[in-house]
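Here is a friendly walk through one protein chain and its ligand. Take a look at the sequence and the structure, and then read on.

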Amino acid sequence: MSQLRFNALKEVFRREPVKVEIPERLSRLYNQNVFSDETMKEYMTKSAYNYIKAAKLRGEKIPREIADQVASAMKEWALSKGATHYTHWFQPLTGSTAEKHDAFFSTTEEGGAIEQFNGSMLVQQEPDASSFPNGGIRNTFEARGYTAWDPTSAAFVIDTTLCIPSVFISYTGDTLDYKTPLLRALQSIDDSATEVAKYFDRNVTKVQSTLGWEQEYFLVDSALFNTRPDLQLTGRTILGHSPAKGQQLEDHYFGSIPLRILRFMQDLEVECMKLGIPIKTRHNEVAPNQFECAPIFEEANQAVDHNSLLMDLMTRVARRHNFKVLLHEKPFQGVNGSGKHNNWSLSTDTGENLLSPGKNPKKNLQFLTFFINTIKAVHDYGDILRSAIASASNDHRLGANEAPPAIISIFIGSQLSGVLDELEKVTEGKLSPDEKTDLKLNIVGKIPEILLDNTDRNRTSPFAFTGNKFEFRAVGSSANCAEAMMVINTIVSHQLKLFKKEVDGLIESGLQKDEAIFNVLRDYIKTSRKILFEGDGYSKDWEKEAAKRKLRNLKTTPEALKIEKEQKFKDVFIQNAVLSEVEIEARNEIKLEKYSTLIDIEAQVLADLARNHIIPTAVIYQNKLIENVKGLKDIFGAKEFQELAKEQIDLIKTISQRISSIKVAVDQLNSEKDKSHAIEDSQKRAEAYSNKVKPLFDVIRQDVDELEMLVDDEIWPLTKYRELLFTK
Ligand code: ADP
Ligand code: MG
């Protein structure tokens, strides 16, 4: 093994940056491989194009004959791009994207061959779904699901395949993917937010949720990656002593991007441009070899697809540059993990950002309405936001003093806190003319148009208002953002419906519209106080304070997923037609299952590494020491020998102790793993993995990491942290 490590290191030292063709203007590549609006106009009749537009805007159905026209246009375009196959491209709950390629090629009755693709092929495809997770929705005898075209997200060509963004549904009609409930949640918030936005502007007919994600990741040289079975099999290093130099100096964050990595980023950006992913920023992150990229924000469904596509692309492009992309939330202990900030907002078809303060009191009242309703939604349903981001890998990151805590709270900054304090003082019921003027001029009127004040930012909050959007920072780097987006949009939609009802009720009872709105908002501020927190989210004090406020601190995935089974949280999805009871239960089951499986795999990898790689290496080194001691004994007299061999003998003892301690812990690990595995109930099984199996990882790791410090570097089998993190 150590040979593999040293050969890999030699290989890395010989690496040169890979040349990348960069066109004069990146913008010229934009959407080159996308069946974009512009391309559609070019390839389709105006009427067919209008159907697609209507489907996008209002969710209208596309008639069969139009689907045929679209399919034919899509085929012509895809063939012109060199495509030979098509696939429905979908996002099953496994967490990656899935494809099943079918050739356009088809034989004719006359014995010839043609390229064929029609409406029914576009609309529906039947991959054998039996191997995708379904949480018991489908019985195995009907182990089939189908994928169906999502016309609201653009089709694209990768290599020689036309990819058609699709939903994935079982034959019983239940969802088996990330996209379907997201689309339903987006429909829900469109309906409810449009109604509320009409209080302020009658012309609004549609509200879209927007998403701008920021993707963090690590890069590791592929040769080094291949020397680490833990990275290969679990995406993270299960073992490894921290390097002498970690991220203490934070010199990486401010440093220039190393050339090999820059070439990778440029190559990725070229590919992103062609596929219509509007990548805008790139930079180093806090930890060594950690980076981030972010696009210009887009409509949420499109943005989610683009993020999934980006994660695929990164992996492909990295191969050309001899890198492996690590999307795991915590690939290395002791250095920062990776997240995926989800910047979220709502925008109208009149071109307004509903979370952006404006030039006049009316615009600001609109802003306050959406702002305070979001706070209220997170106050009432924050726990379900926590479950939305729960995963075995994200557990390593949340609350680890570098990432937001597992406690959900909102940061809004001092300016807006002041505004809420003032609003809370508004009198109940009718307002006097003086009060109205005062409100308009001095409170609502004083919200500055631009709140983007960088000095007033709190990096420790999981859900922060950042000037004209909320930023959900607890999302994991490997997650599909659909889940978080589905939940945020559902709970805010739910809240906006309640708001509308209350305001309309007050208007009916004789209040003016503005009075009614102020009254309801004032009550929301009063009842939502406990979710607002401006202090240091990483501190122990906050944990205590949050407990006093009765905010839940759901530290592990099984704890967080248990929430999904509470009636209150089920209801919010059911009432807003986002998920059915069966779907909620199935998805919960899948997540628990995935958690247990991942911990089980990690346990197996750890046991194997400890037993078959680490212990034998320690024994080899120990034998060397024993030989040395024996030699000393041969040469020197008893007294001198004891003096000279003392250190070696101590070392031999320490190594023995470590070895036996590892052996005991690994046996215990295997036995706890088997016991957990045998538990029938998925919630209890996940809890056993979390409480009984996982804690042993640390015990074993501590001994192994100590051995790493004792054993001769020349024979250590696992590539070390300093080599993984600092070899460029
Ligand atoms: P940071 O300081 O956190 O890096 P930026 O101001 O650079 O933040 O923006 C981060 C992300 O927020 C970008 O991806 C951007 O597109 C996105 N964003 C900006 N405005 C909106 C919005 N209205 N809705 C959703 N995302 C937005
Ligand atoms: Mg950010």
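Gln-604 has 15 other C-beta atoms within 10 Å; a residue needs 20 or more to be buried and 12 or fewer to be exposed, so Gln-604 is partly exposed. In this predicted model, Gln-604 is part of helix H20.

## The chain as a whole

The chain folds into 23 helices and 17 strands. Along the principal axes, the C-alpha trace spans about 105 × 80 × 55 Å.

Of the 728 residues, 48% count as buried. Contacts also reach across the sequence: among those between residues at least 6 apart, 76% join residues that are at least 24 apart.

## The nonpolar core

Which residues touch the most other members of the largest nonpolar core? They are Val-70, Met-74, Leu-122 and Met-485, in a core of 200 residues. Helix H20 (residues 581-635) supplies the largest share of this core, with 15 residues. As a general background, nonpolar side chains tend to be buried together in soluble globular proteins.

Apart from neighbours within four places in sequence, Met-74 is in contact with Phe-35, Leu-122, Ala-155 and Leu-162.

Helix H16 (residues 513-528) has 16 residues and reaches 22 Å from its first C-alpha to its last, close to the 22 Å expected at 1.5 Å a residue. Its buried residues include Glu-515, Phe-518, Asn-519, Leu-521 and Tyr-524. What do the buried residues of H16 pack against? Their partners are helix H12 (361-388), helix H13 (414-424), helix H14 (433-443) and helix H15 (481-508).

## Around ligand 1

Ligand 1 is surrounded by 14 residues, the closest being Thr-210, Gly-212, Phe-297, Asn-343 and Ser-345. Strand S9 (207-221), strand S11 (290-295) and strand S14 (340-348) are the elements that each give two or more residues to this shell. The largest share, four residues, comes from S9.

By class, the shell around ligand 1 is made of six nonpolar, six polar and two charged residues.

## Loops worth a look

Lys-81 sits in the loop between helix H4 (64-80) and strand S1 (85-89). With 19 C-beta neighbours inside 10 Å, Lys-81 counts as partly exposed. Leaving aside residues within four places in sequence, Lys-81 is in contact with Asn-33 and Val-157. Asp-68 is 13 residues from Lys-81 in sequence, and their C-alpha atoms are 20 Å apart.

Thr-160 belongs to the loop between strand S7 (156-158) and strand S8 (161-170), and is partly exposed, with 13 other C-beta atoms within 10 Å. Not counting residues up to four places away, Thr-160 touches Gly-82, Ala-83, Thr-84 and His-85. Thr-160 and His-85 are 75 residues apart in sequence, but 6.5 Å apart from C-alpha to C-alpha.

Most residues other than glycine have a negative phi. Which way does Asn-322 go, positive or negative? Its phi is positive, near 60°. Asn-322 lies in the loop between helix H11 (300-320) and strand S13 (323-326), and counts as partly exposed with 18 C-beta neighbours inside 10 Å.

Ala-577 is not a glycine either, and has a positive phi of about 55°. You can find Ala-577 in the loop between helix H19 (567-575) and H20. With 14 C-beta neighbours inside 10 Å, Ala-577 counts as partly exposed.

Notes:
Residues numbered from 1 in each chain as written. Chains lettered and ligands numbered in written order. Predicted model: local features only at pLDDT ≥ 70, side-chain atom pairs only at ≥ 80, totals over all residues. Core = buried A, V, L, I, M, F, W, Y, C linked by C-beta atoms within 7 Å. Contact = placed C-beta atoms within 7 Å. Near = placed C-beta within 6 Å. Nonpolar A, V, L, I, M, F, W, Y, C, P; charged D, E, K, R; others polar. Expected span 1.5 Å × (residues − 1).
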